[in-house]
Amino acid sequence: MAISLHNSTNISRVGFASPFLGSNSASKVSISVSLPSFSNLSFKSVETSRQQLYRISAMSKAESSSSNQVKVDISLSPRVNSVKPSKTVAITDHATALAQAGVPVIRLAAGEPDFDTPAIIAEAGINAIREGYTRYSPNAGTLELRTAICHKLKEENGISYTPDQIVVSNGAKQSILQAVLAVCSPGDEVIIPAPYWVSYPEMARLADATPVILPTLISDNFLLDPELLESNITEKSRLLILCSPSNPTGSVYPKKLLEKIAEIVAKNPRLLVLSDEIYEHIIYAPATHTSFASLPGMWERTLTVNGFSKAFAMTGWRLGYIAGPKNFIAACNKIQSQSTSGASSIAQKAGVAALGLGYAGGEVVSSMVKAFRERRDFLVKSFGELEGVKISEPQGAFYLFIDFSSYYGIEVEGFGKIENSESLCRYLLDEGQVALVPGDAFGDDSCIRISYAASLTTLQASFERIKKALISLRPAVPV
């Protein structure tokens with residue numbers, strides 16, 4: 001069997017000779033795969049090429065065994081087929097591959113602090129290994145860490161829980177997925193304001209629920225309109241997901257707006273709220289954080305998710321948690337017991353140390369937030385001076401979600417037409433060698449997400465590259 005794939009004019013060929021069922025030459029499979037060169041790789045081509053390789057592998061294995069046995073059914077679950085791969089992960093992997101190939105790409109796609117884990121936290125993890133804390137932990141997390149989380153939520157967020165109302169997981173992402181699986185039934189609706197974190201709709205689909213996307217406006221700082229929410233609630237509405245500070249916009253929900261949303265939620269007995277508060281400590285005064293569960297009547301309806309990755313620069317430690325009413329938390333605990341079981345015992349010791357740094361992470365976290373704010377201010381000022389750009393100044397997190405839609409519709413010689421956020425990101429990668437995330441991944445194709453979790457020097461260089469790449473372009477429509 002010979003297979004050849006051609007995706008572009010500049011290609012790299014890889015040949016494989018795979019012997020199957022002995023030395024008979026007829027049982028050998030020769031595969032020639034043509035893939036795009038790094039310089040012409042697009043975000044779609046990376047995923048397309050991967051899928052083509054999977055299909056080739058499956059075809060080869062099935063064909064090789066057909067002489068002795070029936071072909072294997074290699075179909076996948078409809079549930080899995082309904083889920084889109086994470087575009088942020090795909091772009092980050094793409095940019096990493098380019099960098100490893102020698103292309104000087106500046107990577108501003110990943111939502112990961114560029115700081116090292118604070119030394120006192122890292123030492124706690126190291127000491128845990130030395131002292132033998134290397135065995136399985138309780139499924140819901142160690143009592144020591146869950147008690148520390150309860151103290152943090154009471155002191156910092158004004159919400160009271162007991163340790164049996166906490167489940168510690170391998171990152172906040174797992175906590176969110178387990179919550180959606182625990183409370184949603186097939187046909188339920190999950191209400192998600194857009195722009196949204198890329199995984200929310202896909203998690204709803206994994207639960208056989210239907211994501212209901214409610215758009216927001218840059219002129220409203222990407223905050224949900226309570227009237228729009230109320231008009232979209234139905235008898236099928238089961239879960240409202242809120243993220244403040246927001247990924248990807250950096251918007252922070254004021255307490256008064258949250259109170260209006262809470263009044264609407266209170267009218268609907270089936271409607272629960274998942275409050276994703278992973279960025280709560282990365283916030284810029286005068287903005288302040290309000291936990292949704294602290295609002296009158298909302299404790300019983302709210303699942304609060306948080307973790308250690310962002311504020312404490314602990315992304316690789318994989319540690320998050322969920323807090324809520326015991327019946328919901330017990331269901332999350334049950335799901336975890338049949339999937340990953342407990343989080344790393346070593347990471348949990350580090351988590352205890354992180355929560356011991358003081359209110360809101362103390363000076364260690366505040367110094368990182370100060371650096372994030374300096375970077376934000378530089379980018380807001382710099383991009384604000386570019387023609388055809390709209391910006392909502394973020395009040396938290398470490399992202400800019402910039403409207404570049406005035407550049408859509410422009411023909412670029414040697415590249416083609418810039419049609420949307422993905423093609424503009426591809427153009428900026430080709431011309432400026434800066435990796436960004438297209439807004440369509442977050443439900444708003446007019447924008448592009450820029451992570452400023454990078455040094456100021458790196459951000460200055462990336463801005464100059466983007467500016468140079470755009471300098472020959474003129475907005476297609478007046479702004």
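Which residues of β16 are buried on one side, and which on the other? Cys-447, Arg-449 and Ser-451 lie on one side, Ile-448 and Ile-450 on the other, and all are buried. The views below start from the whole chain and return to this strand.

The model is predicted, so local features need pLDDT of at least 70 and side-chain atom pairs count only at pLDDT 80 or more, while totals for chains, interfaces and linings use all residues. Residues are numbered from 1 along each chain as its sequence is written, and side-chain values use heavy atoms, with hydrogens and water left out.

**Figure 1. Overview of the protein, with 14 helices and 16 strands.** Helices (H or I, at least four residues) and strands (E, at least two) are DSSP runs, numbered from the N terminus. Of the 479 residues, 52% are buried. Buried means under 20% relative accessible area, exposed over 50%, and partly exposed in between, with a 1.4 Å probe and protein chains only. Contacts (heavy atoms within 4.5 Å) are counted here between residues at least 6 apart in sequence; 73% of them join residues at least 24 apart. The accessible surface comes to about 21800 Å², and carbon and sulfur atoms hold 53% of that. These areas come from the Shrake-Rupley method with a 1.4 Å probe; for residues, only the protein chains shown count as cover.

**Figure 2. Strand β16 in an open sheet of three strands.** The order is β11-β16-β15, with antiparallel pairing. Two strands pair if DSSP finds at least two bridges between them. β11 and β15 (437-438) stand at the edges with a single partner strand each, so one side of each has no neighbour in the sheet. Five bridges join β11 to β16. Tyr-399 has Ser-451 of β16 as its bridge partner, and Ile-402 has Ile-448. On the β15 side, two bridges hold the antiparallel pair. There, Val-437 is partnered by Arg-449 of β16. Five of the five residues of β16 are buried. In a regular strand the side chains alternate between the two faces of the sheet.

**Figure 3. Helix α12 and its cover.** The 23 residues of α12 should span 33 Å, and the end C-alpha atoms are 32 Å apart, which agrees. The expected span is 1.5 Å times one less than the number of residues. Buried residues of α12 include Val-365, Met-368, Val-369, Phe-372, Leu-379 and Phe-383. Arg-375 and Arg-376 are also buried. The cover over the buried residues includes β11, β16 (447-451) and α14 (456-470).

**Figure 4. Aromatic pairs, 16 in the whole structure.** Rings of Phe, Tyr and Trp (its six-membered ring) pair if their centres lie within 6.5 Å; planes under 30 degrees apart count as stacked, over 60 as edge-to-face and the rest as tilted. Phe-383 and Phe-404 are edge-to-face, 6.2 Å centre to centre with 80° between the planes. Phe-383 belongs to helix α12 (residues 362-384), and Phe-404 to the loop between β11 (399-403) and β12 (410-412), 21 residues apart. Both residues are buried. Phe-415 and Tyr-427 have ring centres 5.4 Å apart and planes at 70°, so this pair is edge-to-face as well. Phe-415 lies in the loop between β12 and β13 (416-418) and Tyr-427 in helix α13 (residues 421-432), so the pair ties together parts twelve residues apart in sequence. Tyr-427 counts as buried at 3% relative accessibility.

**Figure 5. An aromatic cluster and a charge over a ring.** Phe-115, Tyr-279, Phe-372, Phe-398 and Tyr-399 form one aromatic cluster. Elsewhere, the charged end of Lys-349 sits over the ring of Tyr-133, 4.2 Å from its centre. The criterion is NZ of Lys or CZ of Arg within 6 Å of the ring centre and within 35 degrees of the ring normal.

**Figure 6. Ala-461 of helix α14.** Ala-461 is partly exposed, with a relative accessible area of 35%. From Ala-461 to Ile-106 the C-alpha distance is 8.6 Å, although the two are 355 residues apart in sequence.

**Figure 7. Strand β4 paired with strand β10.** Four bridges join β4 (residues 166-169) to β10 (residues 320-323), and the two run antiparallel. Ile-166 has Ala-323 of β10 as its bridge partner. Ile-166 and Val-168 point one way, Val-167 and Ser-169 the other, and all are buried.
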